[in-house]
Amino acid sequence: MNNEDPVLLHTEGRTRHITLNRPRALNALTHTMVLRVDEALTAAEHDDSVTAVLISGAGERGLCAGGDIRAIYEDARAGGSASLDFWRDEYRLNARIARFPKPYVALMDGIVMGGGVGISAHGSVRIVTQRSRVAMPETGIGFVPDVGGTHLLASAPGELGTHLALTGDAVGAADALLCGLADHFVPSRHLLELTRDLAGAATPADITEAAQQYVTEAPVAELAAHRDWIDACYAADSVEEIVDRLQNCGEPAAKETAETILAKSPTALKATLASVRSARLLNSLEEVLDQEFRVSCAAFTRPDLVEGVRAQIIDKDRNPHWSPARLDQVTTADVAAFFTSLGGSELGLAREASAAR
């Protein structure tokens, strides 16, 4: 095993370990990494000596900060298509994780954002710690939640998922549990012990038992105290009305949230609201991923993605110039264009899943 490899693989007992290994880049996913993880899952699925898969991130900062945004930025600027190929394989991996026939244990310690959510929160055993910060922050870079994120957020209680989708806010362990993005809280000091115990697990029940030894109650969920105004404000039919309700409901936290939303890409906000609302009506993760691929391909061609990444990641001036600049300038037709069929270039996961049944 070469420690310079972006994905490290080893087996302890009956558990196959997958370690994302780009710690200086917060383990941001590249296309090569996605393919390597998929290959590792194929090997683990067909190896009778492997009972479970465990995924974690190298370094002390987190599991994964998302996709390699710089690479996507350069590709978009150059008018390329490598990012579309990356998303095609990444979303297929997300669906595979959700349907993986053996326990898939994700250690969501530290930063888990964007693509990091996709590679963990579709797993069957999702563990957060006191260091976890989980987010789908795409609207801040002119993009829309993907990797099955709209499926997860659409399933959150009340309007919590809409709140997280539009604001891009990061949440801690208790809120991740509340929103259905994780299953168990384990203090980070016990992760090594948990990993050791998983090595001896022979059945899915053993996996659950091993995890339960270290599970404790998470700190209080911050969002729980704000459910009244979140559910009331985000039930509105448009981003404009959501912002208006937030500004006028009388809650200081709601007014601050309105300002957070207004700093995001207007186009991305409207496409995001439509994506989450539509995801609620779709019947499977595969259907949602098919939709997200259409939306991502459209977002890739819009100016806000390049401008958002420039402002947040490249120049770091935190002063994006969105085009258009205001919510009222984004038309219904503009939003509808994000959902237009790609014809022969569709992702096609739902069709494949249906054919396999």
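This is a predicted model: local features need pLDDT of at least 70, side-chain atom pairs count only at pLDDT 80 or more; totals for chains, interfaces and linings use all residues.

Reader: Why is asparagine 27 called buried?

Author: Its relative accessible area is 0%. Buried means under 20%. Asparagine 27 is therefore buried.

Reader: What makes the phi of asparagine 27 worth a note?

Author: The phi is positive, about 60°, although asparagine 27 is not a glycine.

Reader: What is the phi of leucine 26?

Author: Near 55°. That is a positive value, again in a residue other than glycine. Leucine 26 belongs to the loop between β2 (15–20) and α1 (31–45).

Reader: How do you know whether leucine 26 is buried or exposed?

Author: Compare the value with the cut-off. Leucine 26 has a relative accessible area of 11%. The limit for buried is under 20%, so leucine 26 counts as buried.

Reader: Now a helix. Where is serine 296, and why is serine 296 counted as buried?

Author: Serine 296 is part of helix α14, which spans residues 285–300. Its relative accessibility is 2%. Under 20% is buried, so serine 296 qualifies.

Reader: Which residues is serine 296 in contact with, leaving aside neighbours within four places in sequence?

Author: Trp87, Tyr91, Phe143 and Asp146. Contact here means heavy atoms within 4.5 Å.

Reader: What makes the bond between serine 323 and proline 324 a cis peptide bond?

Author: Look at omega. For the bond joining serine 323 and proline 324, omega is about 0°. Proline 324 lies in the loop between α15 (303–314) and α16 (332–336).

Terms used. Residues are numbered from 1 along each chain as its sequence is written. Side-chain values use heavy atoms; hydrogens and water are left out. Helices (H or I, at least four residues) and strands (E, at least two) are DSSP runs, numbered from the N terminus. Buried means under 20% relative accessible area, exposed over 50%, partly exposed in between (1.4 Å probe, protein chains only).
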